Amino acid sequence: MKMQPKFQNSRHFKNYWEDGNGKELLDWAGIKPNPQNFQKFAPLYHKIDILGDEVVKETYLNLTYKEARSLIKKYSERPLSENDGESPNLKNFFFQLQKIPLWFDENLANVGARFCMRTGANALIILRDFTLMGGYDFAYLNKPLIFTGILKKGTVKRLKDTLEFWVHVTRENALKINSDAYQLIIRTRLMHSYARLKIKEKTDWDFENWGEPINSWDMIATYGGFSLVFMQGLKKLGINISAEEEKGVFHLWKYIGYLLGIPVEYLPENRQEAVEQFYWWTTIQDEGDDDSAHLAEALLRENLDNTIYKHTFQRKMLLNLHQSMNWFLLDEEINSRLNIPKPKKVFTIFPQIVKKGNLITQKIYLRNKVQYQKLVEMGSEQQIKVLSDYLKHTPKDFHY
């Protein structure tokens, strides 16, 4: 039986696409979604990274953790060849990663990377308060987080992992074979496979409503958060995006998605394709539920739990600043559904201050290539400083 859109006539869906941030996306893309495209994308809801799963079965589920980690690390740090006496699955996995597709344009990806860097702290605000928090309102997307016990493992660590991944993959020339970013992508890909296999083994997963755990359509939607929704949020903060920068961001994340095992033919190359696919994906996502609200609460509480700032008053101020951004960026209905408290009145001006600062900064630094490069360097330094703080104040990595 073919899948059909479930929530296209639901209140939460209509509010988002007719009055909320979804309408803004449709207007920006200048498209009217074609109903025939739903069936084009629907099979992705039950498609998974088979190569990654088979490698996890042979390594992390078959060897000791130390042996498995050593084997993966070995070929993450140096290319695997036909002469290496490894299994066909391991070879196929690494050969796919090592094969640079003909469509990949490193110069264009670097344009996207430079844009990500030049947005500095703005990028981190959007990733946290718009992309991540807004993503919690898609109830089915978040079920793997609940089933793998992410709340028990700590939001500070999850933010550190996400930030570490994002910063590494969005630097210029970062995606070379065996680079630090390449190694992080491999770890992330195999972590997804491990989580999927454990969820299927140990939980009562609702395949009909939720698709496969960490399926390809959910993955595309997630990485749309790093490209489409990311740029939408930055526009709200007054960030100008050139046509070349926009194209570069989509190209960068298309290649990252390819490395993560997502079927490349479905990865969007522009905002029109991204909005079309995102629209139809949301027709099978229920509105935020109790699990969503718990995830949102944990993300807000991270401001108080994190020890980057020493004093309680500093942490409470940070919490209010993030809440002001949530209410500025997200639809009011989503903030209410996620139980995000309204910020104190004195903090509501913060997003406007940030926006005004960005408009002034861009007048100064977007005048020529030399100034642009200075902005790229300053923005990158901001992002790396935040990552450094998280690395210092996050508990050491655990393994499953």
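T170 touches A113, C116, M117, L252 and W253, leaving out residues up to four places away in sequence. This is a predicted model, and in it T170 sits in the loop between α11 (155-169) and α12 (180-202).

**Around T170**
- T170 has a relative accessible area of 0%, which is under 20%, so T170 counts as buried.
- The side chain of T170 makes a polar contact with the side chain of R171, at 2.9 Å.
- L71 is 99 residues from T170 in sequence, and the two are 26 Å apart in space, C-alpha to C-alpha.

**Around S380**
- You will find S380 in helix α22, which covers residues 369-392.
- S380 counts as buried because its relative accessibility is 10%, under the 20% cut-off.
- Setting aside neighbours within four places in sequence, S380 is in contact with M117 and R171.
- M117 is also on the list of residues that T170 touches, and R171 is the partner in the polar contact of the T170 side chain.

**How α8 packs against α11**
- Helix α8 (residues 120-135) packs with α11 at an angle of about 125°, and their axes are 12 Å apart.
- That angle makes the two helices oblique to each other.
- The crossing of α8 and α11 is right-handed.
- From α8, the residues A123, L124, L127, R128 and L132 meet R158, L159, L163 and W166 of α11.
- Seven of the residues in this contact are nonpolar and two are charged, with no polar ones.

Terms used: Residues numbered from 1 in each chain as written. Predicted model: local features only at pLDDT ≥ 70, side-chain atom pairs only at ≥ 80, totals over all residues. Heavy atoms only, no water. Helix = DSSP H or I, 4+ residues; strand = E, 2+ residues; numbered from the N terminus. Buried < 20%, exposed > 50% of the residue type's maximum accessible area, 1.4 Å probe, protein only. Contact = heavy atoms within 4.5 Å. Polar contact = N/O pair within 3.5 Å; in protein donor to acceptor, adjacent residues only side chain to side chain. Axes fitted to C-alpha atoms, helices over the stretch in contact; angles between N-to-C directions. Parallel < 35°, antiparallel > 145°, perpendicular 65-115°, else oblique. Left-handed = near helix turned anticlockwise from the far one by under 90°. Nonpolar A, V, L, I, M, F, W, Y, C, P; charged D, E, K, R; others polar.
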